[in-house]
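Subject: Structure handover

Dear colleague,

Here is the structure for your files.

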Amino acid sequence: MAGRATVVTGVVTVALAIAGAWLPTWALFLLTVALGKGLAVLGLVFLMRAGLVSFGQGLYYAAGAYTVGFLSDRVGIHDIFVAITAAAIVAVALAALVGLLMVQYREIFFAMLSLAFSMILYGLLVKNEAFGSTDGINVAPPAFAGMTLGLPGLRIALYLVVIAICVVVVYAAHRYVLSPLGYLAHAIKDGEVRVEYLGASVRRAVYAKYLVAAGLAGVSGALVSLAVGHIDPEMAYWTTSGEFVFVAVLGGTGGVLAPLLASVVFEVGRSFASAYSPYTWQLTLGVVMLLVILFLPRGLWSLLEVRGLARQR
Amino acid sequence: MSDILVTTGITRRFGAVVAAEGIDVRVAEGSMVGMIGPNGAGKTTFLNIVTGYIKPAQGTVEFRGRDITGLPPREIASLGLTRSFQIAQLFGTLTVIENVLIALGVATGRAQSWWHPLHDRAAVAEAGELLHRFTLDHLAGQRVDTLPQGARKLLDITLAMVRKPGLLLLDEPTSGVSAEEKFDVFDILVRVLRAEGTTALFIEHDMEMVARYADRVLALADGKVIARGAPKDVLGDAEVRRLVIGVED
């Protein structure tokens with residue numbers, strides 16, 4: 001199974017990387033943003049596999065984005081790899097603090113508390129001139145190990161960085177979900193009491209998943225901010241977190257590629273829906289979600305499972 | 001023979017309800033102790049206190065001479081005191097062997113690994129061996145939420161046995177199991193316990209089972225021990241017959 005997954009991931013990666021050379025700029029941008037956001041959704045899916053739905057991943061997404069913006073606009077650090085690493089560190093550090101409280105709650109309390117924390121950050125960003133208030137901050141084009149690129153090259157380079165990060169993350173995530181620690185998520189969802197009586201700490205396991213999800217959201221925020229070139233408090237707003245939940249449900253929790261696939265479908269769908277029906281595109285998304293819940297309760301990934309193309313818990 | 005478990009003055013109240021009042025229990029190593037009592041006697045509360053699920057208001061719990069009062073369940077389990085549940089606590093969306101593999105992963109520390117696969121060849125062989133001992137090997141690939149009650153009970157006990165505990169506490173191991181399956185479940189259980197040298201304390205409402213499988217019996221009523229001793233003596237005790245069995249002599 002691991003061998004097949006490696007081959008599939010490799011083929012998809014090479015295809016996407018090569019496609020980058022021919023894709024129009026708008027498609028390249030769309031894919032960069034979609035795959036970048038998909039990482040935040042993947043982190044959310046890790047939590048959902050343990051029965052925890054976070055409506056506050058926008059907190060770490062925005063933390064990552066604002067770290068990049070702050071480094072770029074206020075400190076003058078433009079290197080993409082430094083920026084992404086810093087974003088991940090800040091998001092995880094924040095989660096290490098918030099997570100101490102979060103791991104004590106489950107179900108709706110976990111969801112609402114996560115939302116509350118993200119709204120606190122939103123409030124701070126909106127009211128704080130140092131972070132650009134409601135206008136946000138412009139993010140300068142990144143440098144790649146000291147090299148600055150012009151616009152067409154920059155788009156492709158950023159796209160390739162996103163692809164590379166996605167490959168590393170997806171492979172690590174694939175190994176993780178098949179590992180005892182990955183399976184422990186199902187166990188926690190099915191029976192926390194038994195997990196404790198087996199001798200494992202549920203809180204510690206949930207805490208670890210929370211940190212990983214935050215780290216991925218931080219990297220996601222960094223990548224999207226670099227692609228868009230601008231950040232604003234909306235990234236911490238509850239609708240952003242809700243969008244991640246929407247995409248997670250759309251893709252399903254059955255495979256590590258599902259969040260990325262769903263994110264691409266969502267971003268493409270939203271782009272076309274808002275272009276062709278600017279006043280009703282939310283209605284279109286709502287109908288899509290209704291259909292997914294009614295006919296594909298395990299998400300788009302279940303279509304691939306039915307066809308025997310995806311076999312992964 | 002030394003005592004593997006000693007509880008002294010275990011007391012716990014839930015509001016006005018006295019769930020346990022000064023329970024003193026000694027369990028000899030290698031023995032099979034049956035615990036009986038009417039509903040609300042405090043049997044499950046006693047198990048919950050001993051295994052760390054709830055803390056006693058007063059009293060101490062010693063396991064192998066070590067005070068374990070108030071320790072969390074995971075620490076008590078790692079010391080070698082495990083339990084099964086009245087309602088089997090299983091991972092329903094996973095298969096039987098995956099349940100055992102997770103338990104093995106936790107017991108061996110492999111559960112901390114996020115890189116090595118759960119279905120490691122050696123671990124699968126070990127899990128298969130465990131399932132074979134509990135005659136569950138033919139169900140290895142079956143999803144747990146589709147299992148019959150007897151198999152669920154046995155799997156619950158299997159998970160508790162993964163750590164090769166010194167003492168296993170069983171909360172009504174045959175509740176919900178059909179009359180035909182009950183003796184099979186207990187026969188398998190006793191065979192494994194003897195092979196592993198595991199001491200056991202089981203809560204049971206079926207007096208025939210208690211008489212047949214227990215070396216010693218503890219009778220509880222209203223949170224207190226009302227009788228203790230050999231099965232014949234306890235089951236013949238007039239107060240036990242009145243309060244527990246519901247027979248007036």
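This is a predicted model: local features need pLDDT of at least 70, side-chain atom pairs count only at pLDDT 80 or more; totals for chains, interfaces and linings use all residues.

Residues are numbered from 1 along each chain as its sequence is written, and chains are lettered from A and ligands numbered from 1 in the order in which they are written.

Strands and helices

Helices (H or I, at least four residues) and strands (E, at least two) are DSSP runs, numbered from the N terminus. Two strands are called paired if DSSP finds at least two bridges between them. A residue counts as buried if 20 or more other C-beta atoms lie within 10 Å of its own, exposed if 12 or fewer, and partly exposed in between, with C-beta atoms placed from the backbone.

Strand E8 of chain B covers residues 199–203, and five of its five residues are buried. In a regular strand the side chains alternate between the two faces of the sheet. On one side of E8(B) are Thr199(B), Leu201(B) and Ile203(B), on the other Ala200(B) and Phe202(B), and all are buried.

E8(B) pairs in the parallel sense with strand E3 (residues 32–36) of chain B over four bridges. Within this pairing, Val33(B) has Leu201(B) as its bridge partner, and Met32(B) stands opposite Ala200(B). Strand E7 (residues 167–171) of chain B also runs parallel to E8(B), joined to it by five bridges; here Leu168(B) stands opposite Ala200(B). From E7(B) the chain passes through helix H6 (residues 179–196) of chain B to E8(B) in a right-handed β-α-β crossover (with the strands pointing away from the viewer, the path from the first strand over the helix to the second runs clockwise).

E3(B) has five of its five residues buried: Met32(B), Gly34(B) and Ile36(B) on one side, Val33(B) and Met35(B) on the other. E3(B) also pairs in the parallel sense with strand E9 (residues 216–221) of chain B, over four bridges, and Gly34(B) has Val217(B) as its bridge partner there.

Contact between the chains

In chain A, 21 residues are in contact with 29 residues of chain B (C-beta atoms, placed from the backbone, within 7 Å). Helices H6 (151–177), H7 (180–190) and H8 (192–198) of chain A each supply at least two residues of the side that touches chain B. H7(A) gives the most, with eight residues.

Regards

Technical notes:
Two residues are in contact if their C-beta atoms, placed from the backbone, lie within 7 Å.
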